[in-house]
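Hello,

Here is the structure I promised to pass on to you. Have a look at it first, and then read on for what turned up in it.

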Amino acid sequence: MLTPHQTPCPTVSLAQRIERLTMLLLMTFVLVLGSLSWMLISHQQDRAYQLLIDKELELQVGRVSTLLRTIHEAFQQMARSSLISTALVDSAGKDAYLVPYLQGFRQLDGIPLELVFVDFEGKEIASSGKAGFTQAHLDWLRERIDDRSLASVAIVGSGEDAELLVAEMVYYSRARAPEGALMYRLKINSLAGPQTVLHWADDGFSPGKGMFWRPLELPDHFDPISLRLVLRDGGLAQHRLDVQSFLYLGATLL
């Protein structure tokens, strides 16, 4: 019997208890499903992102490797040309045919490069443009003429100013000693595409977070420099994957 100051205890019906239990089970199920979905999406996202990076690296490495091979093969053919070897003994006609010939190679496959032709003493006979080669460039080339055991490929400078130097000996007769030499130079990163940069074995570079790299497939001639391509900005691709993941997760929870 209730006193005047007591109120009746509210009773929870069976239907309400079933409804609460059902809601609790449903929320637990949703949380578990959401967690499992997020783990699955994260795994798939990482995998998709790595596949995207691998594909981009493969594309860029193939492009740069092909460019270098094309340039070097054209350069080797030039060094074997009778026009070049004849110029060793017919320097009087260099302005008429030799300079225009060299200028025709100032750009190969869209890559700007400079060429110089020297005699057996390393003295300049002709070049392809007005930029000119420094005495340090010519000294490097002369060393290769004097000692053919030295690597005929080098990278000089650093960062955006780094240049690739490549030398090729020129023979007028069947004599074993070279009677002249050709050399070309190009900005090393003129070969790299958007969001990529080239590094070499001894430049002290180590990839940081968000950077991916692969060695280039180069002709044997280029072995001493061990070029590698670095992909340095994958943020846009990562952003697209994040958006896709959140859309998928939202649809799953809904």
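In helix H3, which runs over residues 94-103, the buried residues are Leu98, Val99 and Leu102. They cover an arc of only 90 degrees around the axis, so they sit on the same side of H3. The general rule behind this is that an α-helix has 3.6 residues a turn, so residues three or four places apart point the same way. Please keep in mind that this is a predicted model.

Now for the chain as a whole. The protein chain has five helices and 10 strands. It counts 254 residues, of which 39% are buried. Among contacts in the protein chain with a separation of 6 or more, 63% are between residues 24 or more positions apart. The chain exposes about 15700 Å², with carbon and sulfur atoms supplying 58% of that area.

Helix H4 is another one to look at. It covers residues 135-146, and its 12 residues should span 16 Å at 1.5 Å a residue; the end C-alpha atoms are 16 Å apart, which agrees. Which residues of H4 are buried? They are His137, Leu138, Trp140, Leu141, Arg144 and Ile145. Their arc around the axis is only 155 degrees, which puts them on the same side of H4. On the other side of H4 you will find Ala136 and Asp146, both exposed. And what do the buried residues of H4 pack against? Their partners are four strands: E3 (114-119), E5 (153-156), E6 (163-170) and E7 (180-187).

Next, the charged pairs. The structure holds seven salt bridges, and here are some of them.

Another salt bridge joins Lys187 to Asp161, with 3.8 Å between the closest N and O atoms. Lys187 belongs to strand E7 and Asp161 to the loop between E5 and E6, so this pair ties together parts that are 26 residues apart in sequence. Lys187 is partly exposed, at a relative accessible area of 37%, and Asp161 counts as exposed, at 55% relative accessibility.

Finally, a feature of the surface. Where does the chain show a nonpolar patch? Met23, Leu26, Met27, Phe29 and Leu33 form one, and together they have about 480 Å² of accessible area. Phe29, one of these residues, is placed in helix H1, which covers residues 14-79. Phe29 counts as exposed because its relative accessibility is 53%, and the cut-off for exposed is over 50%.

Methods
Residues numbered from 1 in each chain as written. Predicted model: local features only at pLDDT ≥ 70, side-chain atom pairs only at ≥ 80, totals over all residues. Heavy atoms only, no water. Patch = residues over 30% accessible without salt bridge, like charges linked within 9 Å, V, L, I, M, F, W, Y side chains within 5 Å. Areas by Shrake-Rupley, 256 points an atom, 1.4 Å probe, with all protein chains shown as cover. Salt bridge = Lys/Arg side-chain N within 4 Å of Asp/Glu carboxyl O. Helix = DSSP H or I, 4+ residues; strand = E, 2+ residues; numbered from the N terminus. Buried < 20%, exposed > 50% of the residue type's maximum accessible area, 1.4 Å probe, protein only. Contact = heavy atoms within 4.5 Å. Expected span 1.5 Å × (residues − 1). Arc of directions from axis to C-beta.
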